[in-house]
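Work through the exercises below with the sequence and the model side by side. Each task is followed by a solution in steps.

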Amino acid sequence: MSRLSFKAFCIELYADTKAIPSNEVYTLFEQKGIIKMLDEDYEILHGHGFEYVIYEIDSILTNGGL
């Protein structure tokens, strides 16, 4: 999976999980630094299960972002 595909998948997965429109999730991820984190930590994150990735994103958002 490419970095771009991974980021898009994470946005869609989070949107589906939280019942939020994907364009709102993208804006939230951009504002909180998650898009950058998904890109920078791609090598680490793409090997984990998506439950782990969602958990990490929730943890970041709970703490106010990066």
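**Exercise 1.** Decide whether Lys7 counts as buried or exposed.

Solution. Lys7 has a relative accessibility of 18%. The cut-off for buried is under 20%. Lys7 therefore counts as buried. The model in which this value was computed is a predicted one.

**Exercise 2.** Find which residue's side chain meets that of Lys7 in a salt bridge, and state where the two partners lie.

Solution. Step one: the side chains of Lys7 and Asp39 meet in a salt bridge, at 3.7 Å from N to O. Step two: Lys7 belongs to helix H1 and Asp39 to helix H3, so the pair ties together parts that are 32 residues apart in sequence. Step four: Asp39 has a relative accessible area of 29%, and is partly exposed.

**Exercise 3.** List the residues that Asp39 touches, leaving out those up to four places away in sequence.

Solution. Asp39 sits in helix H3, which spans residues 34-40. With the sequence neighbours set aside, Asp39 touches Arg3 and Lys7.

**Exercise 4.** Describe the salt bridge between Arg3 and Glu43, and say why it ties together parts that are apart in sequence.

Solution. Step one: the side chains of Arg3 and Glu43 meet with a distance of 3.9 Å, N to O. Step two: Arg3 is in helix H1 (residues 3-18) while Glu43 is in helix H4 (residues 42-45), so the parts tied together are 40 residues apart in sequence. Step three: Arg3 counts as partly exposed at 35% relative accessibility, and Glu43 is exposed at 53%.

**Exercise 5.** State which residues are linked in a network of salt bridges.

Solution. The network links Arg3, Lys7, Asp39 and Glu43. The structure holds five salt bridges.

**Exercise 6.** Describe the salt bridge that Lys36 forms with Glu40 and where both residues lie.

Solution. The closest N and O atoms of Lys36 and Glu40 are 3.8 Å apart. Both residues lie in helix H3, four residues apart, which is about one turn of the helix. Lys36 and Glu40 are both exposed.

**Exercise 7.** Count the helices and strands, and say why the protein can be called as compact as a globular protein of its length.

Solution. Step one: the protein has five helices and zero strands. Step two: along the sequence these give the pattern α-α-α-α-α. Step three: the radius of gyration is 11 Å, close to the 11 Å from the globule rule for 66 residues, so the protein is as compact as a globular protein of that length. Step four: its C-alpha atoms fill a box of roughly 25 × 20 × 20 Å along the principal axes.

**Exercise 8.** Give the share of buried residues, the share of contacts made by residues 24 or more positions apart, and the numbers of charged side chains.

Solution. Of the 66 residues, 32% count as buried. Among contacts with a separation of 6 or more, 63% come from residues 24 or more positions apart. The accessible surface is about 4100 Å², and carbon and sulfur atoms account for 52% of it. There are 5 positive and 11 negative side chains, and the centres of the two sets lie 5 Å apart.

Definitions and conventions. Residues are numbered from 1 along each chain as its sequence is written. This is a predicted model: local features need pLDDT of at least 70, side-chain atom pairs count only at pLDDT 80 or more; totals for chains, interfaces and linings use all residues. Side-chain values use heavy atoms; hydrogens and water are left out. Helices (H or I, at least four residues) and strands (E, at least two) are DSSP runs, numbered from the N terminus. The radius of gyration is taken over C-alpha atoms; the globule rule is 2.2 Å times the number of residues to the power 0.38. Buried means under 20% relative accessible area, exposed over 50%, partly exposed in between (1.4 Å probe, protein chains only). Contact means heavy atoms within 4.5 Å. Accessible areas come from the Shrake-Rupley method with a 1.4 Å probe; for residues, only the protein chains shown count as cover. Lys and Arg count as positive and Asp and Glu as negative; His and the chain ends are not counted. The place of a charge is taken as NZ of Lys, CZ of Arg, CG of Asp or CD of Glu. A salt bridge is a side-chain nitrogen of Lys or Arg within 4 Å of a carboxyl oxygen of Asp or Glu.
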